[in-house]
Structures are given as C-alpha cells and as structure tokens.
Amino acid sequence: MKRPLSVDTSRMAALFVDMQEEHRQDARYLVEGFDKVLSNVQRLQKAARGAKIPLFHFAYIVDMSTLRLRHFHPVMENGLSAFSDASDPLTALCPETEPAAGEELLVKTEASAFGDGKLEQKLQGVEWVMVSGVWTEACIEATVKGAVARGLRVLLVKDACGSGSQAMHQTGILNLANRLYGGAVTDTDGACRLLAGDRVDVWMVEGSVPLRYSYENAAEIYEGL
C-alpha cells in the first residue's frame, strides 16, 4: 500500500548497477527502453550528488583468465564468457552515467553488488540504499535481496531499472515489491523528492504477498506502485 515516507539522507547511499554499453549496443543484451532508464538514472545521480550522499557504481565484468566461474556459467565456442566478457569494449559504463570525480566504480563478477563483500564494508552507518540499474529480475533482484539480508532498507526506483522487455521488468519489480520488507518502491520523481528532503507517498509492502497479479493486470498494478 502507499504510505508517506521521509528518509535521513545522512544515512543513505545510492547504488547504480551495470549501466553498461552492452545493454544498448549488444543485440543479445538490449534493455527495452534503455534510453529512458539512462535519463532517469542521470536524474537520480544529480539528486544524490545534491543531497551529498555517496554514489557507488557497478560494472559486471567476467575475466575468464583469472576468475573461478560459478557452476554452469555460459561460455561461447571461443571460450569467452557469453556475457560481460572482460575483452568486450561494450562492458564500459555508459558515459552519461559514469562516476564523477571521487565516486567509486566497483567491478562485480556475479549478479549481486554485495557478492564479494566489499560493498558491505563501505556502507557502515547506512540505513537506506537507493537501487537502480539493469536487469531488473537478475542483478537488481540479487542486489536488493543482498541488501535486505544485511539489514538495509531499499528504496527501489522502478522506472530507473530495466530488462529485456517491459513484461520482464514489470513482473520483476512486482515480485520484489511483494517481499520488500523494510523498504519501499517509488519512481524517479518520488526518489528525487525524497533526496530533496520531502515526504513522499511510496509503495511499502504490508502483509504477505499482497500483489496477486495476472498476465492481464500486471502492467496496471505496476503503474500503481
């Protein structure tokens, strides 16, 4: 349900996950509506910098020469990773949303931004993490669940995330919203207002799995978050 929320920005951080060129240039990994996601992430970054909260940027990069891969990692016939291979120039961050001076870029080798433990150490004293990026049902989901498992409240910015299709994205957000205990879902407008110190109506889960969506009404319920 919708509830009013305000956040203490002195105890907040912003996570921008995998805003890499492969998601707008590699035909295998195009994110639908990626230009809009980029635009919304830019707005969030500007608001976060204005609120003086720390920004952390992530890139998924797989170096087959040094990395011990997880079981069943997809590999191409040439022996390179099927996605985000370190030799691929499209693993570069999109210039529109790359780190500003003094902001950290953390390379990850698995879906969650919390996978190697480095991020958790940098979030001491943080209560809320704002999460955006791609893909919603993969790296965003893993990062959100990783944050919640560590006692962090997540502000999930639904229209600053994306996936291979709107259906994949919207159902990914709905699945997270159904179990985002302690956190909230909002859009870019709402997140920017929160960062500016406003009190904003956001979606916060109440009870057990309240969003019982179907193929027919998933988009409508998503819009209502």
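What follows is a short tour of the open and closed spaces and of the charged side chains.

## Before you start

This is a predicted model, where local features need pLDDT of at least 70 and side-chain atom pairs count only at pLDDT 80 or more, while totals for chains, interfaces and linings use all residues. Residues are numbered from 1 along each chain as its sequence is written, and side-chain values use heavy atoms, with hydrogens and water left out.

## The largest pocket

Let's begin with the open space. A pocket here is an open set of points on a 1 Å grid over the protein atoms alone, with protein on both sides within 12 Å along at least five of seven lines; its lining residues have an atom within 4 Å of a point. The largest one has a volume of about 250 Å³, where volume is the space filled by probe spheres set on points that are joined across faces, edges and corners.

Who lines it? The lining has 14 residues, and Tyr60, Phe83, Trp135, Ala138 and Cys139 are the ones nearest the centre. Helix 1 (22–25) and helix 4 (136–149) each bring at least two residues to that lining; helices are DSSP runs of H or I with at least four residues, strands are E runs with at least two, and both are numbered from the N terminus. By type, the lining splits into 8 nonpolar, 3 polar and 3 charged residues.

## The cavity

Searching the whole structure turns up 1 cavity of 30 Å³ or more. The largest cavity has a volume of about 40 Å³, and its lining is made up of Phe16, Met19, Gln45, His57, Phe58, Leu93 and Thr97. That lining has 4 nonpolar residues, 3 polar ones and no charged ones.

## Salt bridges

Side chains of opposite charge can pair when their charged atoms come close. A salt bridge is counted when a side-chain nitrogen of Lys or Arg is within 4 Å of a carboxyl oxygen of Asp or Glu, and by this rule there are 13 of them.

One of them joins Glu96 and Arg24, with the closest N and O atoms 2.9 Å apart. This pair links distant parts of the chain, 72 residues apart: Glu96 is in the loop between strand 3 (55–60) and strand 4 (104–108), and Arg24 is in helix 1. Glu96 is partly exposed at 34% relative accessibility, a label for values between buried (under 20%) and exposed (over 50%), using a 1.4 Å probe and protein chains only. Arg24 is partly exposed too, at 28%.

Another bridge brings Arg153 and Glu127 together at 3.2 Å, N to O. Arg153 sits in strand 6 (residues 153–162) and Glu127 in the loop between helix 3 and strand 5 (128–134), 26 residues apart. Arg11, Glu127 and Arg153 are linked in a network of salt bridges.

## A charge over a ring

One last stop: Lys158 lies over the face of Tyr222, 4.7 Å from the ring centre. To count, NZ of Lys or CZ of Arg must be within 6 Å of the ring centre and within 35 degrees of the ring normal.

Technical notes. On a 1 Å grid over the protein atoms alone, a cavity is a set of points where a 1.4 Å probe fits but cannot get out, and a pocket is an open set with protein on both sides within 12 Å along at least five of seven lines; lining residues have an atom within 4 Å of a point. Ala, Val, Leu, Ile, Met, Phe, Trp, Tyr, Cys and Pro count as nonpolar, Asp, Glu, Lys and Arg as charged, and the others, Gly among them, as polar.
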